[in-house]
Every structure is written in structure tokens, then in C-alpha cells.
Amino acid sequence: MSTAGPTATAPPAPGPRTAGGRTARRPLALRLLARPEVGVFLGAAAVFVFFLIAAPSVRSGGSMATVLYQSSTIGLMALPVALLMIGGEFDLSAGVAVITSALTASMLSYQLTMNVWAGVVVALVLSLAIGAFNGWMMVRTGLPSFLVTLGTFLILQGVNLAVTKLVTDNVATDDISDMDGFGQAKKIFASSFGVGGVQVKITVVWWLVFAALATWVLLRTKYGNWVFAVGGDQDSARAVGVPVTFTKITLFMAVGFGAWFVGMHELFSFNTVQSGEGVGQELIYIAASVIGGCLLTGGYGSAIGPVFGAFMFGMVNQGIVYAGWNPDWFKAFLGVMLLGATLVNLWVRRTATRR
Amino acid sequence: MDRTFHPRSRRIAPLVALTAASLLLAAGCSSDSGGKKAEESGDGGTAGKANTPRMTVALVTHQAPGDTFWDIVRKGAEAAAAKDNIDLVYAHDPNAGAQAGLVQNAIDQKVDGIAITLAKPDAMKDAVSKATSAGIPVVGLNSGLSDWKKLGLTEFFGQDETVAGEALGKKLNAEGAKKAVCVIQEQGNIGLTQRCDGVKKTFSGATENLYVNGTDMPSVKSTITAKLKQSPAIDYVVALGAPYALTAVQSVSEAGSKAKIATFDLNKELTGAISKGTIQFAVDQQPYLQGYLAIDSLWLYKNNGNYSGGGEQPVLTGPAFVDKSNVDAVAKYATKGTR
């Protein structure tokens, strides 16, 4: 009897609301707190306020632009990685796949002396193909995605190095900044624009645009339902007619698209690419998604959560530098802050769903 | 089975078409500037070849994959091997235990000589003593300046990282710098830490260290930018590797800072930046020379019983300064990827 909240005004419960609809009658605040992105929003806000107080130099607009830039390069990849995770799968090859894409575009244009857009297009095709391969391999063999993408991770790591060395005779690519099309591509992938005297990187805009797009897909389309369904229970999903194979393969391809986009940003922002980079980044993308409220088991999460997850990561990363703390402790600070923020996130979710 | 996979093959068709279309598109639009066509092919420096009996030498380093620096060391070693009629076996692993395992592997192959780096000397001790008791001469290169004699190596080729750091610190004094930040791209790497310690020792201004994530360039860029904003008094950024120095150029302009940039180690793009003046100078330890001398010394030892440094003194390959005054002489070799 005492379970009902303060709004015990409508005993007959009119319309479609059934008798057991306890969740439907909970107060709005609690229902909001139960959403996957709200915990991380509060965590990110806490970290933000903390550094506003602890590090005076964070308070300028320029500093915020730097934090947002760092967040966006993580966030652009965390978005598709989160969608894939909601669909119940992992991609450990996501970090080196970024470098594979950048290397492909750079070497193809340079070695054949072509307009850089040719390289960009071929890199996109290759990145989507790698995603499709991951998905196809997993569906076809029934192996866990952890194992399949671990294999791809190692293959790509080796291929990045060996092919670069074979083609350029160095382990880094040549400078393509004086080639045709570079200026245009840089405008799209790596330019910045002024807002009230502050230079904002274009990746921040793309990040938010893609986040909005992903949210729409997830919440308003049939495909979005499929993603939740295959992540929640694959067999039941298949039984009710969800195209499981198609959904999983396209999710992996979305990660491929993200890798291409970030890879192009790195290429057009730094002109050359070192073939050994990218290792370890996959864990940061996964961490941003998990902090952002996606469950490691799949079937639960949002697209906006990882936006705050990536922001939190960027904020802590740069905040420590802005605060001027002893850099020997850098990694430890990072770990403690992330763990703390994740616990806040978890606590909020528990409190919200308990009552 | 057949039915399930049928629709997929239909879906592959457009993908193939897209690939083909993009290749065709690519073929139509060539670049009028830059690219491979513009690259001038360097003259291949092929010396004569020794007619001594074929011997096998192993080079075992602590290189992490895809690092431009180690690529240059390897090229030097390969050049010496080609000249000396040596079969060069190259292996590397940044994990000290795994590197020791690679030395054991070389002993098992009964090679005629081993060249190793001692980034973590204690981990390599047993492997080295196994090699020497098997009668295989071992020489050191690059890292391990303070330990090579203790471990029973016959020769050592490299740069004293602390001395190199000290040289850079003195140069900063001459440039009139007041406050420097030393950017470390790999937390816990002894050689990198020694460089920054050396700078701190001789530099009369203030210095502090900054750790960045070396495998993620956007993160390197924003972290240096953040540091420059947090501490606007910084007037010199000291990078410990060429790619990080080039990234620091962008950070400096984004932070609106007036800081100048100096670095350790060279590559092709960096020599360009020095002649343009966006980077002031580089301290070069001549990695090509380290690889070349280590392999060549094993040939000399085997065929003429020579020891460089007489088994007592290390052979120093650096620090050599590259700045605007001498960059042109160095640039043509850097373009070939050997300097």
C-alpha cells in the first residue's frame, strides 16, 4: 500500500494504463533519472564544475574549445561504438582502423599523385569493407565479436606497419599538404571557425550533428528498434522477424564510417600519419560509451550518453593539465576521476530505479 | 543455408560497383602538385661488398611498432650488413621480458654476433651472459650507456641521454629562454625522462614535464595547447621526438602563444620545419650511425679482432645540433629517411 508515490490522485487509471503500471506513475524526476544518459550528464557536470573551481585557466572560451576538440575526436568514434554496443557487440579494431583509413588515403593519393579526394573515397570504401568483414565474419562463424575484432585489430596493426614500410620505405607517410584537393578536404575535416573570438574546431560540429542523427535513428526509426532488439536478445529478435545479420553488419560498418571520419581528420590536420599510432584508443572509445550509460551486455544505452562520456574524458584529460597538477600522477588522476564519475553515474541510476 | 546467404550476395554487388566506380573516379583526377611525382629520387648509396665469408648477426631492440626513429636505426644496420656480406636478423619488442626472449632465440640460431639495446638492463642480464658464455660477441647501441660494461658487452654506440639533455639546456640558455616545458610522449620511458632531467640540470630558467598520449595525435595537440594556456609564461616547448615537435607547432599557434620549439631527433618533415623556421633546432643522436656502427663493429671484431672504444669507452653518436645554419646539408639525407 505504501508503495505509491505522492501522486495518488487517479485510482481508476483510465485508458491503456494497466493495473501493474507502477513505473508509469513514478514522478517525472525519477523517470528522468532512470534514463541512461542522465547519470553521465550529472557526472560530466560535476567534473566540469570541479575543474571550473580547481583550474582558473579552464574558465576562458579558448580553453573550452580545446576541451571540446579533444572530446570530439573521442566522441566521433564513441558514437558508432556505442550503437554497436547497444547492438550487443564490441569492436577492438576501432583504434587502429582510424589509422588504417588515414594511411590508405594518404598513400594512395601520394604514390599515384592523384587528387587527395581519390584517396579519401577509396579510404571510405576500405573502412566500410573492414566493418562489413568484422560483422560478416562474426555472423558467419558465430564467434564472439571480442575474438573476431581482436583478430582484425592485430591484422590491421601489422598491415598498417608493413604496407606503409613497403610503399613509402618509411614507417610514416609522406606530407600531402601541397597536393590538389587538400585545402578543400581540410575545410571539411579539420578546419576551425570563430565564435565570439574563440576558434572552434569543425569536428565539434560534426560530433554534435552525428550525435543528433544517431539519436534520431535509435529512437525514431525501425532500424533503431532492431538495434535494441538484437542487443537485448538476439534469438527472440530473429524470431519476431528482425534482420539480425543485416543489423549487426551495418552496425560494424557504422564503426568503419566513424574510423574513416576520424582518420580523415587526423590526416588533414597533421599532413602525415605514423603507422604505429591508434593502439589503445579502442579502449578509450569503449570507456566513453560505458561511462555514457551503455551496458557491456548490450540492449541498453543511448546515443547522447556517449557524448557526455567523451566530454567527461576530454574534460578530465585537459583539466588535469589546466590545473597544473604534478604530471607524474597524470594517469592515476585520470583513472580516479573516471572511476569516481562512473560511480556517480551508477549511483544515480540505482537510486532512480530502486523506488 | 543457401537461402540465408543469397540476399547478401545481392547486397555485395552494389559494393563492388561502388569500389569500381570510385577507382575509376580516382583515375580521372590526378594531382598537379606534390605527390610521388614531385619527390626527387635520391641517389642510392651502394658501396662495394666485402668478400669475407657470409656471417649472421642479430639486432634486437626495444622498438615499439611503427616508430620513425627505429626505422632509421634499422636502415643503418641494413646498410652495414649489405656492405659486410652479413645476413641481418632484426627483431624487436618493447616488453623487456619478450626482448630477452628474442636474444635467447638469436643464441639458439647460433648467430655470429648480437647487437642489443638495454632499455631495461636488469631484464637483459641473463640473456646477455648466456650469449657471451656461448661465445657470441654482444655489442650495445642506443640505450644502456651506464650498464653495457657491467653486463659484459664489448662495445657501445649511442648517445648519453642526460648529456644530450644538458646540451639542449645550454642551448636554451644561449637563446635566452626563461621557461620551458618538456613533452614526454611515453610515461615511464627512462631515456625520455633522462633527456628532460638533463635539460633541467643545465637550463637556468624553469622547466616542467608534461605527459602526452603518444599514440593519439589529436590528444597530443590539445594537451600541449592546454599547457600553454595554463602557463602563458612558457617560451620554449621541448619535444622528445620529431612527430611531436611538428604537432607542437599547431598547438603553439592555437594557444596564441609565442613559445618557440626545440626537439630531439629528426625526420624528413622536421628538417623542412627547421629551414622554414617554425622549429628552432633539433638535437640529433644519429640513429642511422648507431645501427650502422653496431653491425659493422661485429664484422670488424670477427674479421680483425678490433674493438671500438677499446672495450673501455663508449662511442658517442650524438648530440649533434641541427638548426637553420646546417639544415640544408642534412635535409637531403632526411628526405631519404636515413637521417
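Reader: Which side chain meets that of A:Lys165 in a salt bridge?
Author: This is a predicted model, in which local features need pLDDT of at least 70 and side-chain atom pairs pLDDT 80 or more, while totals for chains, interfaces and linings use all residues. Residues are numbered from 1 along each chain as written, chains are lettered from A and ligands numbered from 1 in written order, and side-chain values use heavy atoms, without hydrogens or water. A salt bridge puts a side-chain nitrogen of Lys or Arg within 4 Å of a carboxyl oxygen of Asp or Glu. Here N and O are 2.4 Å apart, and the partner of A:Lys165 is B:Asp71.

Reader: How many salt bridges are there between chain B and chain A?
Author: A:Lys165 and B:Asp71 form a salt bridge. The count between the two chains is three.

Reader: How many residues of chain A are in contact with chain B?
Author: Contact means heavy atoms within 4.5 Å. Chain B brings 54 residues to it. On chain A, the number is 55.

Reader: Which residues of chain B lose the most area to chain A?
Author: The chains bury about 4,700 Å² between them, 55% of it on carbon and sulfur atoms (accessible area lost on being put together, 1.4 Å probe, summed over both parts). Three residues together give 11% of what the chain B side buries. They are B:Lys36, B:Thr215 and B:Pro218.

Reader: What is the angle between helix 2 and helix 13 of chain A?
Author: Helix 2 spans residues 36–54 and helix 13 spans residues 305–323. Their axes lie 9 Å apart. The helices are roughly parallel, because angles under 35 degrees count as such. Their angle is about 15 degrees.

Terms used:
Axes fitted to C-alpha atoms, helices over the stretch in contact; angles between N-to-C directions. Helix = DSSP H or I, 4+ residues; strand = E, 2+ residues; numbered from the N terminus. Parallel < 35°, antiparallel > 145°, perpendicular 65-115°, else oblique. Buried area = accessible area lost by both parts, 1.4 Å probe.
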